[in-house]
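Here are my notes on the model you sent over. Have it open while you read, as the points go element by element.

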Amino acid sequence: MLHTHLAENEEDIAYSLTQFGCRPGQYAEDLGWTGDDVWHAHCVKLDGSEIDLFARSGTGVAHCPCSNCRLGSGIAPVRSMRDAGVKVGLGVDGSASNDAGNLVAEARMALLLQRVAKGADAMSAREALEIATLGGAQVLGRDDLGSIELGKRADLAIWDVSGIAAAGSWDPVAALVLCGPTRVRDLIVEGARSGARRAHGDAGSWPGDRTAEPAGGAAGGVASGFPALSPGLV
């Protein structure tokens, strides 16, 4: 796949217009740098014609909301992108422009920024989580991950939302996206536990093989891929 950063700020737009006589999206198209095997980071300053181009060509976008806030780049038109059919996932950019690498924090910021720009109903917690999980898989052209389904990769992150951080939330998805906790309880990669549990000496194989199988959810737990829950506005 091809990847670069595009239309991150007003300076990018001015440079493209001055040097190439067109906007960044059109320049990328002229170079053959659009298509379903291409994704661009940021895209904060895409206009309507560029959003339509990305939708038609299947070009993906990695939205990096915390970095965009850190650098004062602006608010990416994620609502317009999603409505037009552009594939959107989340990223953290990098250590030079983001003081953390927490994808849940990016989901929360993505939700808040779209509500600032478009109103309180612009994005729900479930849509933000969907962008963070299934959205990223779609951007990368991976139909084997991004949601919890039979036959997909057994890569799961599970958060415990039974603690004080989420005590006031009635919705487990909203609790994860808006309240926390920020640290995973279990991290399962290819069917094997790692991460937090391993750090506490609780490592080993997860029951079953290395693709997802039917399983009951533990009370108080939220697993990545929860867009399959019934829709809500929270």
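1. Start with the sheet: four strands run in the order β1-β2-β3-β4, forming an open sheet with parallel pairing. (Strands are DSSP E runs of at least two residues, helices are H or I runs of at least four, and both are numbered from the N terminus; two strands pair if DSSP finds at least two bridges between them.) At the edges sit β1 (2–6) and β4 (87–90), each pairing on one side only. From one strand to the next the twist averages 25 degrees.

2. Ground rules: this is a predicted model, where local features need pLDDT of at least 70 and side-chain atom pairs count only at pLDDT 80 or more, while totals for chains, interfaces and linings use all residues. Residues are numbered from 1 along each chain as its sequence is written, and side-chain values use heavy atoms, with hydrogens and water left out.

3. How confident is the predictor? The protein's mean pLDDT (confidence in each residue, from 0 to 100) is 86, and 83% of its residues reach 70 or more. Two stretches I'd flag: pLDDT stays under 50 over residues 198–220 and also over residues 225–234. The model has 35 contacts beyond four places in sequence for 198–220 and 26 for 225–234, a contact being heavy atoms within 4.5 Å.

4. Back in the sheet, β2 (residues 38–42) and β3 (residues 60–63) pair in the parallel sense over three bridges. Ala-41 stands opposite Ala-62 in β3. In the loop between β2 and α3 (48–57) you'll find Cys-43, which has a positive phi of about 55 degrees although it is not a glycine. Most residues other than glycine have a negative phi.

5. Now α1 (residues 10–20). Asn-9 caps its N-terminal end, with a side-chain oxygen 3.1 Å from the backbone nitrogen of Glu-11. Following α1 comes Gly-21, with a positive phi near 75 degrees.

6. How do α6 and α8 cross? The axes of α6 (residues 103–118) and α8 (residues 172–179) come within 8 Å and cross at roughly 95 degrees, so the two helices are roughly perpendicular (65 to 115 degrees counts as that; axes are lines fitted to C-alpha atoms, for helices over the stretch in contact, with angles from 0 to 180 degrees between N-to-C directions). Val-104, Ala-107, Arg-108 and Leu-111 in α6 meet Leu-176, Val-177 and Leu-178 in α8.

7. Last one: look at the cis peptide bond joining Gly-180 and Pro-181, with omega about 10 degrees. Pro-181 is in the loop between α8 and β6 (186–189).

Definitions and conventions. Angles under 35 degrees count as roughly parallel, over 145 as roughly antiparallel, 65 to 115 as roughly perpendicular and the rest as oblique. A polar contact is a pair of N or O atoms within 3.5 Å; within protein, one must be able to donate a hydrogen and the other to accept it, and residues adjacent in sequence count only if both atoms are side-chain atoms. pLDDT is the predictor's confidence in each residue, from 0 to 100.
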